[in-house]
Amino acid sequence: MGYGLPAAIAAKLAHPKRRVVAFAGDGCLMMTIQELATAVQYGLPILIIVANNSMLGTIRMHQDQRFPDRVIATTLTNPNFAELAKSYGAFGEQVRKTDAFAPALERALKSGKPALLELILDPDAISPDETLKSLRAAAR
């Protein structure tokens, strides 16, 4: 966890002509979000896509599978990542609906600077085909 953004910065420095995308969960990104300042400082037009479900999703999934009545310390209080990106001097935008993603992606890529797209997700949808509710029910 936390590796995606620094790795994207390194990849862009090593391969400046390639498109570099960092895909991270909100908990992962919170570990190294300050490195967005480095991307801005060096003018590295990387794209960061953060899946924000306001939790440490993988850990929460395992808790719900094994201990459905004892979930602890996986809920996060996050900043508005899009606004935080803007405060660093990067492009930032929240995406709340699937059909809004493509236009937001286009704007991010056209910005010519480090860009962050924050996907606001339903916390119950732990994966494309699984919900926390169904995991809890199966564990009981």
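# Close-up views of a predicted model

**View 1. The largest nonpolar core.** In this predicted model, the largest nonpolar core has 19 residues, and those that touch the most other members are Leu-5, Leu-29, Leu-36, Ile-46, Ile-48 and Leu-116. Six elements each supply at least two residues of this core: helix H1 (4–14), strand E1 (21–25), helix H2 (26–30), helix H3 (36–41), strand E2 (47–52) and helix H5 (81–88). The biggest giver is H1, with 3 residues. Apart from this core lies another one, of 9 residues, with Val-95, Ala-104, Ala-115 and Leu-117 among them.

**View 2. Leu-29 and its partners.** Here we stay with Leu-29, one of the residues that touch the most other members of the largest nonpolar core. Setting aside residues up to four places away in sequence, Leu-29 touches Leu-5, Ala-24, Ile-48, Val-50, Phe-81 and Leu-116.

**View 3. The buried side of helix H1.** Which residues of H1 are buried? They are Leu-5, Ala-8, Ile-9 and Lys-12. These four lie on the same side of H1, because they cover an arc of only 100° around the axis. Look around them to find what the buried residues of H1 pack against: E1, H2, H3 and E2.

**View 4. Gly-4 in helix H1.** Gly-4 also has its place in helix H1. With a relative accessible area of 21%, Gly-4 is partly exposed; the cut-off for a buried residue is under 20%. Now find Val-21, which is 17 residues from Gly-4 in sequence, while the two C-alpha atoms are 8.8 Å apart in space.

**View 5. Asn-53 in its loop.** This view turns to the loop between E2 and helix H4 (57–66), where Asn-53 is found. Is Asn-53 buried or exposed? Asn-53 counts as buried, because its relative accessibility is 9%. Not counting residues up to four places away in sequence, Asn-53 touches Asp-26, Leu-121, Pro-123 and Ile-126.

**View 6. Asp-122 in another loop.** Asp-122 lies between strand E4 (115–120) and strand E5 (125–127), in the loop that links them. Its relative accessibility is 48%, so Asp-122 counts as partly exposed. For a sense of distance, look across to Gln-94: Asp-122 and Gln-94 are 28 residues apart in sequence, and 14 Å apart in space from C-alpha to C-alpha.

**View 7. Leu-105 in helix H6.** Helix H6 (residues 101–110) is the place of Leu-105. Leu-105 counts as partly exposed, at 23% relative accessibility. Leaving aside neighbours within four places in sequence, which residues is Leu-105 in contact with? They are Leu-47 and Leu-117. Leu-117 is also one of the residues of the 9-residue core. Leu-105 and Ile-49 are 56 residues apart in sequence, yet their C-alpha atoms are 9.5 Å apart in space.

**View 8. The second largest pocket.** The second largest pocket holds about 160 Å³ of space. It is lined by 13 residues, and the closest to its centre are Arg-19, Pro-45, Ile-46, Ala-108 and Leu-109. By class, 7 of the lining residues are nonpolar, 2 are polar and 4 are charged.

**View 9. Stepping back to the whole chain.** After the close-ups, here is the protein chain as a whole. Its secondary structure comes to 7 helices and 6 strands, and along the sequence they follow the pattern α-β-α-α-β-α-α-β-α-β-β-β-α. The C-alpha trace spans about 50 × 30 × 25 Å along its principal axes. The chain has 140 residues, of which 36% count as buried. Among contacts with a separation of 6 or more, 70% are between residues 24 or more positions apart.

Definitions and conventions: Residues numbered from 1 in each chain as written. Predicted model: local features only at pLDDT ≥ 70, side-chain atom pairs only at ≥ 80, totals over all residues. Heavy atoms only, no water. 1 Å grid on protein atoms, 1.4 Å probe; cavity = no way out; pocket = protein on both sides within 12 Å on 5 of 7 lines; lining within 4 Å. Points joined across faces, edges and corners; volume = space filled by probe spheres on them. Nonpolar A, V, L, I, M, F, W, Y, C, P; charged D, E, K, R; others polar. Core = buried A, V, L, I, M, F, W, Y, C linked by side-chain atoms within 4.5 Å. Buried < 20%, exposed > 50% of the residue type's maximum accessible area, 1.4 Å probe, protein only. Contact = heavy atoms within 4.5 Å. Arc of directions from axis to C-beta.
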